[in-house]
Amino acid sequence: MPIYLDNQPLKADVQTVGQAIAAARQSPAAADRLIVEVRLDGELLLNEALEASHDQALGDRELQLLTAEPRELARQTLLEVRDALIVTSDDQQQ
């Protein structure tokens, strides 16, 4: 069961997706970072799919975890909101 944190192998003695996420959060490589993306065998897990996979055994499946620095994530999100508001404002004026 290969587990990757930001494209680097993560050595952890885990059996489930939830355990792997917990191990990644405690990894020094993820210090002061947030896990922002979880992929199981390349499939992006969102919302209900992520929740449903929490207790799923990893077996030989590949788990990829992507992190982001919280300030940069917040900055990027605010820039995207600003852009969306500009587009909305332009649409309303037309």
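Guide: A residue is called buried when its relative accessible area is under 20%, exposed when it is over 50%, and partly exposed in between, using a 1.4 Å probe and protein chains only. The model before you is predicted: local features need pLDDT of at least 70, side-chain atom pairs count only at pLDDT 80 or more, and totals for chains, interfaces and linings use all residues. Residues are numbered from 1 along each chain as its sequence is written, and side-chain values use heavy atoms, with hydrogens and water left out.

Visitor: How many residues does the largest nonpolar core have?

Guide: A nonpolar core is a set of buried Ala, Val, Leu, Ile, Met, Phe, Trp, Tyr and Cys residues joined through side-chain atoms within 4.5 Å. The largest one here has 15 residues, and I3, L58, L63 and L65 have the most contacts inside it. At least two residues of this core come from each of β1 (3-5), α1 (17-26), β3 (34-40) and β5 (63-68). Helix α1 gives the most, with 4 residues.

Visitor: What is L63 in contact with?

Guide: Contact means heavy atoms within 4.5 Å. Leaving aside neighbours within four places in sequence, L63 is in contact with P2, I3, Y4, V17, A20, V38, R39, L40 and L58.

Visitor: How many salt bridges are there?

Guide: Side chains of opposite charge can pair when their charged atoms come close. The rule for a salt bridge asks for a side-chain nitrogen of Lys or Arg within 4 Å of a carboxyl oxygen of Asp or Glu. By this rule the count is 5. One of them joins R33 to D6, with the closest N and O atoms 3.9 Å apart. R33 lies in the loop between α1 and β3 and D6 in the loop between β1 and β2 (8-9), so this pair ties together parts 27 residues apart in sequence. R33 is partly exposed at 33% relative accessible area, and D6 is partly exposed at 23%.

Visitor: Is T67 buried or exposed?

Guide: T67, found in strand β5, is buried, with a relative accessible area of 6%. A polar contact is a pair of N or O atoms within 3.5 Å; within protein, one must be able to donate a hydrogen and the other to accept it, and residues adjacent in sequence count only if both atoms are side-chain atoms. The T67 side chain makes such a contact with the side chain of D6 at 2.4 Å, and another, of 2.7 Å, with that of R33.
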